[in-house]
Amino acid sequence: MKTKWNIPIGLITGLANGLFGAGGGTVLVPALERFKPLETHKAHATALAVILPLTIVSGIIYVWGVDVDWPAVGLVSAGGVVGGLIGAKLLRKLSAGWLNMIFGLFLAAGAIRMLFS
């Protein structure tokens with residue numbers, strides 16, 4: 001579906017992803033649901049597909065400019081692959097209401113952590 005929102009959504013998502021390190025999904029999912037509009041499951045799946053190339057680009061820039069903890073990269077990535085597989089399977093089984101509630105709880109927990117850290 002083509003809309004006038006594609007480029008602005010992409011710019012804001014890329015900016016958030018570059019600034020926060022893969023934080024673009026927190027912007028992208030609500031934007032896809034509101035402005036495209038996409039059904040909840042499709043918005044989450046689309047966000048994952050969009051975030052991959054953004055994360056690769058941001059990751060390359062960070063590797064060149066920041067001292068990266070390589071042992072942590074390997075271990076966290078291994079856990080992330082397993083968690084990603086489990087999460088992708090759960091995405092198919094959760095209702096849109098539960099998916100939105102869980103996503104909202106993660107966003108709220110992250111916001112509270114950031115406010116009090």
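Let me start with Thr-40, which lies in helix 3. This is a predicted model, so please hear every value today as computed from that model. Thr-40 has 10% relative accessibility, so the residue counts as buried, the cut-off being under 20%. What does Thr-40 contact once its neighbours within four places in sequence are left aside? The list is Glu-33, Ala-96, Leu-99 and Asn-100.

Now the chain as a whole. The protein chain has five helices and zero strands, and along the sequence the pattern reads α-α-α-α-α. The C-alpha trace spans about 40 × 30 × 30 Å along its principal axes. There are 117 residues in the protein chain, and buried ones make up 19% of them. The accessible surface is about 8500 Å², with 76% of that belonging to carbon and sulfur atoms. Then there is the matter of contacts along the sequence. Taking the contacts with a separation of 6 or more, 59% are between residues 24 or more positions apart.

Next, how the helices pack.

Helix 1 covers residues 6-20 and helix 3 covers residues 40-65. Here the angle is about 40 degrees and the axes are 9 Å apart. That angle makes helix 1 oblique to helix 3. This crossing is right-handed. From helix 1 the contact takes Thr-13, Gly-14, Asn-17, Gly-18, Leu-19 and Phe-20. From helix 3 it takes Ile-51, Leu-54, Thr-55, Ser-58 and Tyr-62. The residues of this contact divide into five nonpolar, six polar and no charged.

Is Thr-13 buried or exposed? With a relative accessible area of 1%, Thr-13 is buried. Its place is in helix 1. Not counting residues up to four places away in sequence, Thr-13 touches Gly-24, Val-27, Leu-28, Ile-51 and Leu-54.

Helix 2 passes helix 5 in a left-handed crossing. The contact uses Gly-25, Thr-26, Val-29, Pro-30 and Glu-33 of helix 2, and Asn-100, Phe-103 and Leu-107 of helix 5. By class, that is four nonpolar, three polar and one charged. Two of these names bring us back to the opening residue: Glu-33 and Asn-100 are among the contacts of Thr-40.

Between helix 2 and helix 3 there is a loop, and Pro-37 sits in that loop. What is the peptide bond from Lys-36 to Pro-37? This bond is cis, with omega near -25 degrees. As background, most peptide bonds are trans.

Last, two exposed residues. Trp-64 has its place in helix 3. With a relative accessible area of 73%, Trp-64 is exposed. Trp-64 and Gly-87 are 23 residues apart in sequence, and their C-alpha atoms are 30 Å apart in space.

Arg-92 is in helix 4, which covers residues 70-93. Arg-92 counts as exposed, at 75% relative accessibility. How far is Arg-92 from His-41 in space, C-alpha to C-alpha? The answer is 7.6 Å, while in sequence Arg-92 and His-41 are 51 residues apart.

To recap for anyone opening the model now: the chain has five helices and zero strands, the bond from Lys-36 to Pro-37 is cis, and Thr-13 is buried in the model.

Methods. Residues numbered from 1 in each chain as written. Predicted model: local features only at pLDDT ≥ 70, side-chain atom pairs only at ≥ 80, totals over all residues. Heavy atoms only, no water. Axes fitted to C-alpha atoms, helices over the stretch in contact; angles between N-to-C directions. Helix = DSSP H or I, 4+ residues; strand = E, 2+ residues; numbered from the N terminus. Parallel < 35°, antiparallel > 145°, perpendicular 65-115°, else oblique. Left-handed = near helix turned anticlockwise from the far one by under 90°. Contact = heavy atoms within 4.5 Å. Nonpolar A, V, L, I, M, F, W, Y, C, P; charged D, E, K, R; others polar. Buried < 20%, exposed > 50% of the residue type's maximum accessible area, 1.4 Å probe, protein only. Areas by Shrake-Rupley, 256 points an atom, 1.4 Å probe, with all protein chains shown as cover.
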